[in-house]
Amino acid sequence: QVQLVESGGGSVQAGGSLRLSCAAYGYTYSTTYMGWFRQAPGKEREGVAAIYTGSGTLYYADSVKGRFTISQDNAKNTVYLQMNSLKPEDTAMYYCAADFRSSPPSAIRALGVLGYDYWGQGTQVTVSS
């Protein structure tokens, strides 16, 4: 059974940085795509960044380009989200998600909620002004 475990959330002042981690367990597929999503109170869940682990193809939402970086450690089955220059509007619950395919997904699929079958429990990120 696929399990995703997030860590690294917390509270930070605007302009600060955090790094989120997502460790994946329980699957044997060699190629996956993994994404980071966030959901603020009263808002829909939105895709932030994603990576296709087979080729390292990266996907970013416009709102985080230049500030957030997604990366992978294949040996650890772990994906990271380095978040720099954080803003109060980045405050949300951040979720890791994963799914499997043999070729890189489209950006719509990679950053869309419907593109994923497996989700973590989430980690809270709070940015104060």
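**A hairpin, its sheet and a disulfide**

Strands β7 and β8 form a hairpin in this predicted model, with four residues between them, and Asn77 in the turn has a positive phi of about 50°.

User: How do the strands β7 and β8 run, and how many bridges join them?
Analyst: Strand β7, residues 68-73, and strand β8, residues 78-83, run antiparallel, and six bridges join them.

User: Which residue in β8 stands opposite Asp73?
Analyst: Asp73 stands opposite Thr78 in β8, while Phe68 stands opposite Met83 in β8.

User: And what sheet do these strands belong to, in which order?
Analyst: The sheet is an open one of four strands, in the order β1-β3-β8-β7, and the pairing is antiparallel. Neighbouring strands of this sheet are turned by 15° against each other on average, if direction is ignored.

User: Which strands stand at the edges?
Analyst: Those are β1, residues 3-7, and β7; each has a single partner strand, so one side of each is left without a neighbour in the sheet.

User: Changing topic, how many disulfides does a search of the whole structure find?
Analyst: The search finds one disulfide, formed by Cys22 and Cys96, with their sulfur atoms 2.0 Å apart. This pair links distant parts of the chain, since Cys22 lies in strand β3 (residues 18-25) and Cys96 in strand β9 (residues 92-100), 74 residues apart.

User: Is the link of Cys22 and Cys96 left-handed or right-handed?
Analyst: The link of Cys22 and Cys96 is left-handed, with -75° about the S-S bond.

User: Is Cys22 buried or exposed, and why?
Analyst: Cys22 counts as buried because its relative accessibility is 0%, and buried means under 20%. Cys96 also counts as buried, at 1% relative accessibility.

Definitions and conventions. Residues numbered from 1 in each chain as written. Predicted model: local features only at pLDDT ≥ 70, side-chain atom pairs only at ≥ 80, totals over all residues. Heavy atoms only, no water. Disulfide = S-S within 2.5 Å. Helix = DSSP H or I, 4+ residues; strand = E, 2+ residues; numbered from the N terminus. Buried < 20%, exposed > 50% of the residue type's maximum accessible area, 1.4 Å probe, protein only. Pairing = 2+ DSSP bridges. Axes fitted to C-alpha atoms, helices over the stretch in contact; angles between N-to-C directions.
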